[in-house]
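This report covers selected side-chain pairings and the nonpolar core of one model. The structure is shown first.

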Amino acid sequence: MVHIGNSWDDILRDEFRSDWYMKLREFLKYEYSHYRVYPDMYDIFNAFRFTDYNDVKAVILGQDPYHGAGQAHGLCFSVREGVEPPPSLKNIFAELQNDLGIAPPMSGELTKWAQRGVLLLNTTLTVREGRPQSHKGHGWEILTDAVIRKLDQRRQPTVFILWGGNARSKKPLITSPQHLILESAHPSPLSAYHGFFGGRHFSKTNDFLVRSGIAPIDWDLKN
């Protein structure tokens, strides 16, 4: 069974014991044994490992992992140290600089954001190499929808950052009035100039957290 190592284990226990998850496990066993699948199976749940349920200040929703070799490691939009940041991540860094004056880091690894309370969650947690959305519709969305609902039920004000149509489709799951929803176009080069740039979601997140009596997020990965 899945062992994350923090409070997510209790919160998601029923999901991991469900019939639909058992079917997903069988699907993943086949995929990992017959194809190259990302991320590494030991990295699938890194978003939860790095950001405990009780520590979540903000959620950034992605779609599915990067499907190129050496990129995905379980955190949406993030790539490991030493891997060239993909175009969407470069646009995220450009918006961060325009918003808060933080120069783009050398590395595209976002682990520090996760450790500082940003749940970097893809809605689908695995993908076959070179086949974007190839694992969509096999059960991951049931789990990640449950995660969004569990976070929505918390009393602590939380920022939900929805970039792109796939992420924005999850907006109906967020119903509690104490939360803030920020939404825009996806940071992809195909859409970033249609509402992503200029959204100032980093400063808006911190302004909301401070107003809610919560320490702001240090978005500077160089710190």
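## Arg116 and Asp218

Arg116 is partly exposed, at 22% relative accessibility; the term covers values between buried (under 20% relative accessible area) and exposed (over 50%), with a 1.4 Å probe and protein chains only. Arg116 forms a salt bridge with Asp218 (3.8 Å, N to O), that is, a side-chain nitrogen of Lys or Arg lies within 4 Å of a carboxyl oxygen of Asp or Glu. The two residues are 102 apart in the chain, with Arg116 in the loop between helix H6 (111-115) and strand E3 (118-122) and Asp218 in the segment after H9. Asp218 is also partly exposed, at 33%.

The model is predicted: local features need pLDDT of at least 70, side-chain atom pairs count only at pLDDT 80 or more, and totals for chains, interfaces and linings use all residues. Residues are numbered from 1 along each chain as its sequence is written, and side-chain values use heavy atoms, without hydrogens and water.

## Other salt bridges

The whole structure has 11 salt bridges. One of them joins Asp99 and Arg200 at 3.4 Å, N to O. Asp99 is buried at 10% relative accessibility, whereas Arg200 is partly exposed at 40%.

Shared partners link Arg168, Lys171 and Glu183 into one salt-bridge network.

## Nonpolar core

The largest nonpolar core has 66 residues, and Ile60 and Trp113 are among those with the most contacts inside it. Such a core consists of buried Ala, Val, Leu, Ile, Met, Phe, Trp, Tyr and Cys residues joined through side-chain atoms within 4.5 Å.

Technical notes: Helices (H or I, at least four residues) and strands (E, at least two) are DSSP runs, numbered from the N terminus.
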